[in-house]
Amino acid sequence: MRAVALTSFVGRRKTLARLEAELRACRLVSVTGPGGVGKTRTALTVADRMRLPGGVRVAELASVTHATQVAPAVATALGVADQSNRDATDRIIGHLSGTTALLLLDNCEHVLDAAGRLALRLLNALPGLRVLATSREPLGIRGERVHLLTPLAVPEESDACGAGELEYVPAVQLLLDRARDVLPDFTVTAENRAAVVTLCRQLDGLPLAIELAAVRLRSLSVSQVVERLDRRFSLLADSGPAAGPRHRSLRALIDWSHDLCGPDERLLWQRMAVFPSSVDLETVEQVCGFGELRGERLFDALDGLIGKSVVVADRRGEQVRYRQFVTLREYGAELLAASGESELLRQRHRDHFTERAALCVRRWFGPDQAGDLGRLREDHPNLLAALAWSAETPGEAAAGARLASQLRYHWIAGGFLSNGRHWLEQLLPLLEPGTAERGETLWATAWVALIQGDRATAERYLGACADIAERLDSPGLRGHVRLWRALLNLFEGELGTAIGLYREAIAIHRTTGDTGLVLTASFQMAMAQAYAGNPADALATCSSVIEQASAAGERWNRAYAHWASAISHLHLSEVDDARAAITAAMRIEQDFRDGVCTALCTEVASWVAASSGDASDAATLEGVAASVWRRLGTSLQAFGPHASSEGRRHSERVDERLGPAAATIRQEYAQVTVPDAVKLGLDLVVRRSGAGKPRPTAENPAASPLTAREAQIAALIAEGRTNKAIADRLTISPRTVDGHVERILRKLDCASRAQIASWVTAARAR
């Protein structure tokens with residue numbers, strides 16, 4: 001018997017090859033994963049590819065309601081005559097004896113023990129038999145090879161407004177294939193592109209969800225389906241005759257998974273619905289670990305949910321984060337709402353992340369900055385959810401404002417200016433006049449507004465903060481008013497006033513013991529000194545910052561001090577020293593990914609290149625800086641007339657040397673990401689090849705059929721890196737890498753990774 005499917009199988013080429021290899025190496029392979037991920041279809045497809053002499057035998061166990069019925073159900077599925085009083089397992093053994101066959105046991109999760117015992121007995125009695133099982137968790141018997149099946153790779157969020165092909169992304173490919181069953185001419189257009197990307201991402205790349213959504217395209221547009229995703233459980237119901245009972249709706253699938261969970265697992269499932277994205281174990285314990293779910297009971301429940309594919313454990317080295325697919329989380333959210341625990345969970349959620357943000361502030365002057373920022377960056381969706389709940393819930397605004405202001409470095413150094421501004425200003429009107437929370441929120445909002453170039457608003461907020469500082473007699477608030485008014489004056493070109501206010505701010509913060517703010521005020525003052533015509537004083541100020549920061553293991557202020565030093569060296573015509581200073585700053589940014597500092601450093605790196613006569617490199621770096629500024633939602637103009645004037649001066653020098661080619665080069669690098677900006681800056685300024693603009697190669701996609709990200713991944717493949725290693729290196733999901741590799745193979749007409757590596761080598765040689 002051969003497995004037969006009625007629809008085409010899309011994607012998973014690498015998965016099929018790996019599964020086939022595993023089946024040839026091991027006699028028992030279990031394909032695990034969440035409901036709707038495509039375990040059955042994948043297993044049927046790989047089984048069909050095996051081409052064993054005895055064929056493929058399929059036994060569907062979903063309808064089995066009791067463990068004692070497993071062996072009889074398999075016997076019936078295999079067509080074993082039921083005319084003797086022998087044990088059903090013995091009858092199966094007799095039926096398969098002497099054959100080299102593959103037995104597919106489909107949907108074993110609710111009868112794990114019985115299915116495992118049957119598989120073990122058959123394998124021991126039948127040396128020519130191989131067993132392929134599908135289940136939401138492993139059978140748990142010796143010799144079992146577990147293959148976790150993940151959802152299809154989805155488009156990047158940036159693909160929504162891009163121009164590249166989407167058809168090679170597995171999730172999009174499946175959507176197109178199934179949509180054409182009801183709309184033969186359906187395709188991705190400029191009009192529906194963003195909706196297609198959103199739909200595939202919202203559905204987590206789950207094949208069943210995508211297939212059910214595609215059915216709705218016979219009566220709705222893609223945009224309309226996206227708009228109705230909040231009603232996904234009623235919308236994505238397939239009532240057609242070909243759909244089995246468990247596949248009639250996502251609700252049926254998830255009900256099935258829920259019924260298989262124990263009481264603690266069900267409780268944790270609903271509590272984890274409070275997390276909109278992945279979290280670490282500490283967060284799960286702090287937010288969900290109360291009442292019946294304390295200590296080991298919580299961990300056992302989490303382990304059980306992972307085993308049942310209700311929770312996904314994402315590993316990066318020794319770090320593990322836990323998440324649920326959107327559909328499973330929404331199901332849990334319904335349970336949470338009905339449980340009466342929703343408000344308590346959301347408060348615990350908000351308070352936990354407030355403490356995490358406060359910890360970042362408390363130890364900002366020290367070696368933990370990059371790690372704390374990285375953790376907050378991973379927690380970003382949770383932070384926004386906590387702020388939204390605080391703003392919408394009566395009586396929670398003050399606590400929400402504390403969180404928003406404690407996230408000051410996340411907004412500024414983490415590159416989330418717009419998010420920070422939005423939530424700070426959402427919460428401000430809800431706060432009681434004259435309170436400390438309002439004062440803290442005012443200066444934090446002013447700081448963000450200044451970086452965005454909105455000086456009038458910042459000035460208004462600082463005036464209100466000054467009134468509260470005097471009313472409360474708060475030295476800390478007074479210090480902040482002085483510091484951010486100094487920055488306002490610096491950005492308005494009032495350098496003398498700025499330097500005076502910086503000295504006052506430094507004195508206040510030194511008295512209150514906040515060394516981190518002392519250093520922040522100092523490197524900003526150095527910028528004012530440099531543009532006021534005192535670059536030697538600026539270098540002395542920066543040297544003091546670098547010395548104190550280095551002694552404490554602090555790097556954020558140190559990076560900015562190196563940046564200000566580079567400007568000062570340029571003003572003294574010390575180009576080599578400027579290059580060394582900006583190199584030091586950008587090396588720190590490799591770990592920090594502070595968008596503002598990266599943009600400023602890339603700007604100054606372009607000035608260094610222009611001053612060195614490397615006009616092509618300077619134009620490249622200008623394009624990179626413009627890309628980062630655009631991603632941040634601000635520009636160099638926000639940093640005052642002196643900085644923007646210097647930038648224009650160097651840019652005009654580049655235009656004079658290159659002519660129209662300068663604009664072309666800048667445009668080529670207009671889509672560079674923050675991490676790539678740092679890498680390019682170091683390549684061009686540190687290594688200084690002297691060859692001008694980088695040649696089109698696998699790392700530079702300007703003359704390549706690949707996108708920038710695809711070219712980057714191709715280069716890493718040429719280095720011998722696995723997809724997982726590439727995902728870790730680029731901080732993206734392995735599923736995303738898989739999708740990119742599929743596209744690279746198609747675009748280059750390659751059949752293997754080795755051929756990709758050969759293409760990279762040839763491209764570099766050109």
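Select Ala436, Arg438, Gly439, Leu442, Trp443, Thr445, Ala446, Ala449 and Leu450 in helix α22: these residues meet Arg455, Ala458, Tyr461, Leu462, Ala464, Cys465, Ile468 and Leu472 in α23, a contact being heavy atoms within 4.5 Å. The contact of α22 with α23 comprises 13 nonpolar, two polar and two charged residues; Ala, Val, Leu, Ile, Met, Phe, Trp, Tyr, Cys and Pro count as nonpolar, Asp, Glu, Lys and Arg as charged, and the others, Gly among them, as polar.

The model is predicted, with pLDDT of at least 70 needed for local features and 80 or more for side-chain atom pairs, while totals for chains, interfaces and linings use all residues. Residues are numbered from 1 along each chain as its sequence is written, and side-chain values use heavy atoms, without hydrogens and water.

Next, display α22 (residues 436–451) and α23 (residues 455–472) whole: they pack at an angle of about 155°, their axes 8 Å apart. The angle makes α22 roughly antiparallel to α23 (over 145 degrees). Helices here are DSSP runs of H or I with at least four residues, numbered from the N terminus.

Leaving aside residues up to four places away in sequence, arginine 421 touches Thr445, Val448, Ala449, Gln452, Asp454 and Thr457.

Finally, select domain 1 (13–148) and domain 4 (544–686), with bounds from an automatic or database domain assignment. Their centres, taken over C-alpha atoms, are separated by 60 Å.

Note on methods:
Axes are lines fitted to C-alpha atoms, for helices over the stretch in contact, and angles run from 0 to 180 degrees between N-to-C directions. Helices (H or I, at least four residues) and strands (E, at least two) are DSSP runs, numbered from the N terminus. Angles under 35 degrees count as roughly parallel, over 145 as roughly antiparallel, 65 to 115 as roughly perpendicular and the rest as oblique.
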